[in-house]
Amino acid sequence: MKDLVRYRAMESLCRQSAVFNPLESWRLLAEAEMWHHKAQEEIASRFEECDGNSQEGVPLQPASVAFAGAGNRSPAG
């Protein structure tokens, strides 16, 4: 979890620095994007670890499928 917090902090720092350094903004925004992808990879690996341990053999159902019928309900009244 510490890595994820560090990746997000670095992403934020790079984006903030880009605002104050217009000549270097292209490089800083590229670096922010790199940190963003690292954070996404960390989240994905954590999810896979947790999901693999708790639901072995149970296929995942996307949220869009699980909640597809939620918006089709008519109000009672």
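This is a predicted model: local features need pLDDT of at least 70, side-chain atom pairs count only at pLDDT 80 or more; totals for chains, interfaces and linings use all residues.

Colleague: OK, new topic. What's the overall layout, helices or strands?

Modeller: The chain has three helices and zero strands, so reading along the sequence you get α-α-α.

Colleague: Which helix has the highest mean pLDDT, and which the lowest?

Modeller: Helix 1 has the highest, at 96, while helix 3, residues 63–66, has the lowest, at 51. For the chain, the average pLDDT is 81, and 69% of the residues score at least 70.

Colleague: Let's look inside helix 1, then. Where does glutamate 11 sit?

Modeller: Glutamate 11 is in helix 1, which covers residues 2–20.

Colleague: Why does glutamate 11 count as buried?

Modeller: Because its relative accessible area is 10%, and anything under 20% is called buried.

Colleague: What is glutamate 11 in contact with, apart from its neighbours within four places in sequence?

Modeller: Ala32, Trp35 and His36.

Colleague: Now helix 2. What can you tell me about leucine 29 there?

Modeller: Helix 2 runs over residues 25–54, and leucine 29 belongs to it. Leucine 29 is partly exposed, with a relative accessible area of 38%.

Colleague: And which residues does leucine 29 touch?

Modeller: Arg15 and Ala18, if you leave out residues up to four places away in sequence. There's also a C-alpha separation to go with that: leucine 29 and serine 17 are 12 residues apart along the chain, and their C-alpha atoms are 8.9 Å apart.

Colleague: Back to the whole chain. How much of it is buried?

Modeller: Of the 77 residues in the chain, 16% are buried. The accessible surface comes to about 6,300 Å², with 60% of that belonging to carbon and sulfur atoms.

Colleague: Last one: what share of the contacts joins residues at least 24 apart?

Modeller: That's 53%, counting contacts in the chain between residues at least 6 apart in sequence.

Terms used:
Residues are numbered from 1 along each chain as its sequence is written. Side-chain values use heavy atoms; hydrogens and water are left out. Helices (H or I, at least four residues) and strands (E, at least two) are DSSP runs, numbered from the N terminus. Buried means under 20% relative accessible area, exposed over 50%, partly exposed in between (1.4 Å probe, protein chains only). Contact means heavy atoms within 4.5 Å. Accessible areas come from the Shrake-Rupley method with a 1.4 Å probe; for residues, only the protein chains shown count as cover. pLDDT is the predictor's confidence in each residue, from 0 to 100.
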